[in-house]
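Here is a short tour of a protein model, written to be read with the structure open beside it.

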Amino acid sequence: PEAEGDTLQLTLAKAEPNRLWRAPWKELLEEVDKVEQRLLRQEGKPRRQDVMPTQNWDEREKDGEVVITVPILTGCGLSHDDIRIGVTVDSVNIHIVGQEETPMVGGVLHGRIAPPKCTWCVRNGRTVGTRVIEDIEVHLVKDPPIRWGTGVIKTFYT
């Protein structure tokens with residue numbers, strides 16, 4: 001059965017060279033920039049190692065898309081608004097706001113994707129021992145929809 005969760009579409013922001021987040025119209029771009037600057041000024045955002053219960057994440061290919069799943073801990077000071085997903089036609093970067101250089105998962109992909117068709121969501125939490133873990137689930141639509149078969153990421157960002 002499909003897990004319940006909030007689904008957020010990536011249609012609001014588009015990736016452009018030398019910048020992860022660009023809005024399709026000027027007014028929205030200005031608003032996105034204001035929010036980003038406010039979030040960057042906030043102190044105490046958890047780091048990658050504090051959010052991911054392990055440094056493990058999962059990938060799978062299915063029906064013309066690749067799904068990347070990143071487990072994150074709840075209750076560590078991270079809200080869903082602090083998660084950023086940047087995509088271009090040949091790369092992905094999943095990170096916490098202000099921490100683009102230390103992504104949870106990021107790198108150059110083995111194939112090309114169609115950024116306007118990509119989506120992501122945060123799946124409802126599950127209890128593992130005494131901790132509650134949610135999953136960031138990123139759906140990357142392949143373009144063309146051929147099997148990569150060699151893993152999702154060719155070169156990792158470090």
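## Arginine 123 and its partner

The side chain of arginine 123 makes a polar contact with the side chain of glutamate 137, at 3.0 Å. Here a polar contact is a pair of N or O atoms within 3.5 Å; within protein, one must be able to donate a hydrogen and the other to accept it, and residues adjacent in sequence count only if both atoms are side-chain atoms. Arginine 123 sits in strand S9. Is arginine 123 buried or exposed? It counts as buried, because its relative accessibility is 12%; buried means under 20% relative accessible area, exposed over 50% and partly exposed in between, with a 1.4 Å probe and protein chains only.

A word on the basis of all this: the model is predicted, so local features need pLDDT of at least 70 and side-chain atom pairs count only at pLDDT 80 or more, while totals for chains, interfaces and linings use all residues. Residues are numbered from 1 along each chain as its sequence is written, and side-chain values use heavy atoms, with hydrogens and water left out.

## The chain as a whole

The protein chain holds two helices and eleven strands, in the order β-β-β-α-α-β-β-β-β-β-β-β-β from the N terminus on. Helices (H or I, at least four residues) and strands (E, at least two) are DSSP runs, numbered from the N terminus. Of the 158 residues, 41% are buried.

Among contacts with a separation of 6 or more, 64% link residues 24 or more positions apart; contact means heavy atoms within 4.5 Å.

## Strands around S10

S10 is mostly covered, with eight of its eleven residues buried. S10 pairs with S5 in the antiparallel sense over nine bridges, and with S9, also antiparallel, over eight bridges. Two strands pair if DSSP finds at least two bridges between them.

## The four-stranded open sheet

An open sheet with antiparallel pairing has the strand order S6-S7-S8-S11. S6 and strand S11 (153–156) are at the edges with a single partner strand each, so one side of each is left without a neighbour in the sheet. Inside the sheet, S7 and S8 run antiparallel and are joined by four bridges; one of the pairs is valine 92 with glycine 107 in S8.

## The nonpolar core

The largest nonpolar core has 26 residues, and those with the most contacts inside it are Ile68, Val70, Ile94, Met104, Ile136 and Leu140. Such a core is a set of buried Ala, Val, Leu, Ile, Met, Phe, Trp, Tyr and Cys residues joined through side-chain atoms within 4.5 Å. At least two core residues come from each of S5 (65–73), S6 (83–88), S7 (91–96), S8 (105–109), S9 (119–128) and S10 (131–141), and S5 gives the most, with four residues.

Leaving aside neighbours within four places in sequence, methionine 104 is in contact with residues including Arg48, Val70, Ile94 and Ile136.

## Leucine 78 in its loop

Leucine 78 lies in the loop between S5 and S6, and counts as buried because its relative accessibility is 16%. Not counting residues up to four places away in sequence, leucine 78 touches Pro46, Val51, Ile72, Ile83 and Ile96.
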